[in-house]
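Take a look at the chain below. This report walks through some of its charged pairs, then a sheet and a few single residues.

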Amino acid sequence: MSMMLHSENFDNIYLDLSKENGKCRFAENGLGWKPAGGGEAFTLDQSNIGNAQWSRAAKGYEVKILQRNSGITQLDGFQQEDYERLSKIFKNWYSTNLENKEHSLRGWNWGKTEFGKAELTFNVQNRPSFEVPYSEISNTNLAGRNEIAIEFAVGEGDKTNGQNGASGKGKRATAGTDQLVEMRFYIPGTTTRKAAEGGDAGSDADEEEKNAVALFYDTLIEKAEIGETAGDTIATFLDVLHLTPRGRFDIDMYDASFRLRGKTYDYKIQYEAIKKFMVLPKPDDLHCMLCIGLDPPLRQGQTRYPFIVMQFKQDEEVTLDLNITEEELNGKYKDKLSGHYEQPLHQVVTYIFKGLANKKITTPAKDFTTHRQQYGIKCSIKASEGFLYCLEKAFMFVPKPATYISYEQTQSITFSRVGGAVSALSTFDITVLLKNGAGSSQFSNINREDLKALEDFFKLKGLRVKNEIDEDANLLAAAMRDEVMDSSEDEVVGPKADRGSADEDDESVDDDFKEESDSDVAEEYDSNHESDGSGSAESDVDNQVDEDDEDEEAGDAEAEAPPKKKKKTS
C-alpha cells in the first residue's frame with residue numbers, strides 16, 4: 001500500500017496564489033512546498049494543521065489548510081483524482097478530515113458575511129462565494145453611511161500582520177501584474193453583536209441595536225488585527241489639522257506603523273512607506289507644515305495621496321512622556337527617542353517620526369529666502385494657491401496638489417509673464433521643464449520682487465534658466481512711462497499698474513452717472529434682465545477679486561457696473 005511510503009509528492013502546485021508552481025510534499029511530521037525554479041521553501045508542522053478543505057479553485061482543485069494559530073495555507077493545482085490520496089494523508093497522518101467544500105456559482109453579489117477564525121467568508125445561499133484571509137487585509141474604512149471599504153496588502157514589504165506561515169504570504173503581491181487592492185461591502189440596517197457573531201452579547205442593555213456596518217467594522221478591525229491595542233501606542237497626538245487629505249485626524253504612533261484616525265477615514269501606514277519627511281515653515285510666520293511623502297500613496301477610494309500635509313501652530317507647546325520602557329529607550333530606541341519632550345508640538349511630532357521611521361528630515365535650503373526673508377514663495381498651480389519651497393535638492397509645492405520636483409529631473413526653468421495685462425508687471429510665472437519629455441509644471445503669480453533671488457539661487461544650483469520677462473518688461477515700462485507722463489507728473493507707477501482697469505474709466509464713469517441719473521430704475525431692471533443668463537460670468541469676476549487683495553474689492557466692484565451701462569448708451 002502506498003501509505004507505507006514516508007512521503008507523498010505532488011508537482012505543479014501553487015502556494016498562496018504564487019506566480020510560479022512548485023513541488024508539494026506531505027510527510028508524517030508535516031508538509032513542505034518548494035518553488036520549481038528554486039528559492040525559499042515553505043514548511044508547515046503537523047502540530048499546526050487544524051482543519052482542511054477541498055474545493056474547486058483557479059488552477060484545478062485546492063487544499064486549504066486552516067492552521068491552529070489562525071493562519072491559512074492554500075495549495076492550488078491538484079487534480080480531481082488526487083482527492084482519495086489526500087483524504088488518506090490527512091486522516092492517517094494529521095488526524096483530520098479533508099472536508100469537501102463546494103462554492104456557490106450563482107454569481108450573486110448579495111449574501112451574508114461570516115467571520116471565521118482566520119478569514120472572512122461571503123456566503124450565497126449558505127455556500128461560500130469567496131473568502132478573504134485576515135492576513136491579506138491591511139486596512140478598513142467606513143466609506144459611506146452603510147458602506148465599508150477593505151484594503152488589501154500590497155507589495156512585498158507587507159509583513160502581513162506578522163502571522164506565522166506568512167513567509168509565503170507577503171509574496172502574494174508578486175502573483176500577477178494586476179492585483180485586487182480594495183473591495184467594498186454595502187451593509188444596511190441595524191443588528192446586535194449577538195446576531196452578527198452568534199456570540200455572547202455582553203450586557204444586552206447597551207448592545208441592543210447598532211448599525212450593522214459599524215459592527216462589521218469593529219469586528220473586522222479586531223479579527224484582522226488592524227487596530228493595534230491601545231497599550232502599543234508610543235505616542236498619540238489628537239485632532240491634528242491636515243491640509244492633504246483635508247480634515248482633522250488623531251495620530252497614533254506605533255513601533256512599525258502609524259495611524260490617522262479621522263471622522264470617516266482611518267488609515268494605517270507602515271513607516272517603511274515614508275520616503276520623504278519635510279518641515280516647511282509657512283510664510284505667515286505663525287504656522288509650520290509637516291509634509292510626508294509616501295510610496296505606496298495613501299488611497300481614499302479612487303483618490304491617491306502621495307503626500308500627507310499637516311499644519312501646526314508654531315508656538316503651540318506640548319509636554320509629552322512616551323509610552324516606552326527604560327530598557328527599550330536604552331535599547332532599540334537609543335539615540336533615536338527621548339522619554340520626555342517639552343517643546344513646540346511640531347518639533348515633537350517631527351522628532352518622534354524621525355526616531356521611529358528613521359528618515360532624514362528635509363528643510364528649505366538656507367541659500368534662498370524671499371524678499372520678506374521667508375522660505376515659502378506664495379504662488380499657484382492653475383487655480384490652487386499654495387507655497388513653493390526651494391529645498392537643497394528639489395522644489396516642493398504644498399498643500400495641494402502637493403508637487404515634488406527634484407533639481408536632477410529638471411531640464412530648464414523659464415521665467416515668464418502670461419497675458420499682456422498691465423497689472424502683470426507685479427508678478428511672474430516659472431515653468432519647470434522636466435527631462436526626457438516628462439512634461440512641465442507651472443507656478444504662477446510669484447511676486448516680482450523675488451525674481452532676482454530665485455535667479456541667483458538657480459544659478460547656484462547649476463540649473464538652466466531662460467528669462468523671458470526682461471525684454472517684455474522694458475517695452476512695457478516704456479509704454480507705461482509715456483502714459484504716466486500724460487496723466488500726471490508725480491504719480492508712481494506701482495499702484496497705478498496694480499489697480500488694473502479700476503482707475504482708467506474714472507472720468508467717463510462720472511459722466512455716465514450724471515447723464516443717466518433720471519433713468520436709473522429702468523436701467524437697473526434692464527441690466528438685470530440682460531444679465532440673467534450670465535451668472536457664471538459674474539461669479540468669475542468675484543473669484544478674480546478674491547484672488548487679488550481683498551482691499552481692492554470695493555474699487556473693482558464700483559468699476560464693474562458702469563461699463564455695462566456704457567454699452568447701452570453707445
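## Charged pairs

K64 and E119 form a salt bridge, and their closest N and O atoms are 2.8 Å apart. The model is a predicted one. This pair links distant parts of the chain. K64 sits in strand β6 (residues 61–67), while E119 sits in strand β10 (residues 119–124). The two are 55 residues apart. Are K64 and E119 buried or exposed? Both are buried.

In general, side chains of opposite charge can pair when their charged atoms come close. The whole structure holds 12 salt bridges. The table lists three of them.

| Pair | N to O distance |
|---|---|
| K64 and E119 | 2.8 Å |
| K332 and D255 | 3.4 Å |
| D456 and K452 | 3.0 Å |

Start with K332 and D255. K332 is partly exposed, with a relative accessible area of 48%. D255 is also partly exposed, at 37%.

Next come D456 and K452. Both belong to helix α6 (residues 451–460). They are separated by about one helical turn, because they are 4 residues apart in that helix. D456 counts as partly exposed at 37% relative accessibility. K452 counts as exposed at 53%.

Salt bridges can also join up. E147, E182, R184 and R299 are linked in a network of them.

## An open sheet

Which strands make up the open sheet of 8 strands? Their order is β20-β19-β18-β17-β23-β22-β21-β26, and the pairing is mixed. β20 (266–270) and β26 (361–362) stand at the edges. Each has a single partner strand, so one side of each is left without a neighbour in the sheet.

Strand β21 (residues 274–281) pairs with β26 in the parallel sense, over 2 bridges. M278 has T362 of β26 as its bridge partner.

## Surface and interior

On the surface, D315, E316, E317 and E342 gather in a patch of negative charge. One of them, E317, is found in strand β24 (residues 317–321). E317 is exposed, with a relative accessible area of 53%.

N467 gives a contrast. This residue lies in strand β34 (residues 465–467). N467 counts as buried because its relative accessible area is 19%, and the cut-off for buried is under 20%. N467 and I430 are 37 residues apart along the chain, and 9.4 Å separates their C-alpha atoms.

Definitions and conventions: Residues are numbered from 1 along each chain as its sequence is written. This is a predicted model: local features need pLDDT of at least 70, side-chain atom pairs count only at pLDDT 80 or more; totals for chains, interfaces and linings use all residues. Side-chain values use heavy atoms; hydrogens and water are left out. Two strands pair if DSSP finds at least two bridges between them. Patches are made of residues with over 30% relative accessible area and no salt bridge: like charges are joined within 9 Å, nonpolar side chains (Val, Leu, Ile, Met, Phe, Trp, Tyr) within 5 Å. Accessible areas come from the Shrake-Rupley method with a 1.4 Å probe; for residues, only the protein chains shown count as cover. A salt bridge is a side-chain nitrogen of Lys or Arg within 4 Å of a carboxyl oxygen of Asp or Glu. Lys and Arg count as positive and Asp and Glu as negative; His and the chain ends are not counted. The place of a charge is taken as NZ of Lys, CZ of Arg, CG of Asp or CD of Glu. Buried means under 20% relative accessible area, exposed over 50%, partly exposed in between (1.4 Å probe, protein chains only).
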